[in-house]
Amino acid sequence: MEKGIDSHIKEYFDLPKVDVATYSPLALAYIGDGIYDLVIRSIVVGKGNTKASRLHQTTSHLVKAHAQATMMETLTPMLTEDETEIYRRGRNAKSPTMAKNATMSDYRRATGFEALMGYLYLTDQFERILELVKEAIRHYNVKTGKNDLAGGK
């Protein structure tokens with residue numbers, strides 16, 4: 001397995017290796033939220049230079065809880081057993097807060113999605129993150145009639 005950015009960060013800052021299995025689902029979701037946001041921002045900026053407000057609008061549309069919950073409709077059958085378990089743990093985690101403008105159902109599925117992203121990131125499976133995000137965006141764009149941000153390989 002190729003060393004991912006998380007491994008580089010841990011090495012550079014001399015952080016101890018931690019068994020990802022010991023992380024709570026909400027800790028996985030916390031890092032997963034940032035990683036998913038970074039992937040989406042990278043795709044949006046990679047599509048071309050435009051006004052920051054347009055970049056933000058496009059990104060916000062794809063990182064909101066409802067979009068992530070909708071994306072899980074496509075991703076669930078594609079997940080491995082381990083990935084399904086991580087998603088389930090994240091979805092069932094009891095969060096002290098809830099996103100505004102989201103149903104409880106969407107928020108829980110989005111938390112599961114973010115936990116999955118965090119798990120994949122912390123286990124240096126960035127290629128898998130990209131594969132799942134690409135497929136999720138394709139499905140979401142078809143369902144909503146939006147522009148395809150998931151071009152490429």
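Thr111 is buried, as its relative accessible area is 6%; buried means under 20% relative accessible area, exposed over 50%, and partly exposed in between, with a 1.4 Å probe and protein chains only. The model is predicted, so local features need pLDDT of at least 70 and side-chain atom pairs count only at pLDDT 80 or more, while totals for chains, interfaces and linings use all residues. Residues are numbered from 1 along each chain as its sequence is written, and side-chain values use heavy atoms, with hydrogens and water left out.

Thr111 belongs to helix H6. Apart from neighbours within four places in sequence, Thr111 is in contact with Leu26, Ala29 and Gly90, where contact means heavy atoms within 4.5 Å. Gly112 is also found in helix H6 and is buried, with a relative accessible area of 0%. With neighbours within four places again left aside, the contacts of Gly112 are Tyr87, Gly90 and Arg91. The C-alpha atoms of Gly112 and Lys17 are 24 Å apart in space, and the two residues are 95 residues apart in sequence.

The protein chain as a whole has 7 helices and 0 strands, in the order α-α-α-α-α-α-α from the N terminus. Helices (H or I, at least four residues) and strands (E, at least two) are DSSP runs, numbered from the N terminus. For 153 residues, a compact globule would have a radius of gyration near 15 Å, and the protein chain agrees because its own value is 15 Å. That radius is taken over C-alpha atoms, and the globule rule is 2.2 Å times the number of residues to the power 0.38. Along the principal axes, the C-alpha atoms fill a box of roughly 45 × 35 × 30 Å.

Buried residues are 40% of the 153 residues in the protein chain. Of the contacts in the protein chain with a separation of 6 or more, 67% join residues 24 or more positions apart. The protein chain has 21 positive and 19 negative charges, whose mean positions are 9 Å apart. Lys and Arg count as positive and Asp and Glu as negative, without His and the chain ends, and each charge is placed at NZ of Lys, CZ of Arg, CG of Asp or CD of Glu.

Helix H2 covers residues 25-46, and its 22 residues should span 32 Å at 1.5 Å a residue; the end C-alpha atoms are 31 Å apart, which agrees. The expected span is 1.5 Å times one less than the number of residues in the helix. The buried residues of H2 are Pro25, Leu28, Ala29, Gly32, Ile35, Tyr36, Asp37, Val39, Ile40 and Val44. An α-helix has 3.6 residues a turn, so residues three or four places apart point the same way. Packed against the buried residues of H2 are helix H3 (52-63), helix H4 (65-75), helix H5 (81-92), helix H6 (104-122) and helix H7 (126-144).

H7 has 19 residues and reaches 26 Å from its first C-alpha to its last, close to the 27 Å expected at 1.5 Å a residue. Its buried residues are Arg128, Ile129, Leu132, Val133, Lys134, Ala136, Ile137, Tyr140 and Asn141, and their cover includes H2, H3, H4, H5 and H6. After H7 comes Gly145, with a positive phi near 75°.

The loops remain. Met78 lies between H4 and H5 and counts as partly exposed, at 30% relative accessibility. Not counting residues up to four places away in sequence, Met78 touches Glu83, Arg128, Leu132 and Glu135. The C-alpha atoms of Met78 and Gly112 are separated by 15 Å, and the two are 34 residues apart along the chain.

Most residues other than glycine have a negative phi. Asp14 is not a glycine, yet has a positive phi of about 55°; Asp14 is in the loop between helix H1 (5-12) and H2 and counts as exposed, at 70% relative accessibility. Asp124 is not a glycine either and has a positive phi of about 55°. Asp124 lies in the loop between H6 and H7 and is buried, with a relative accessible area of 19%.
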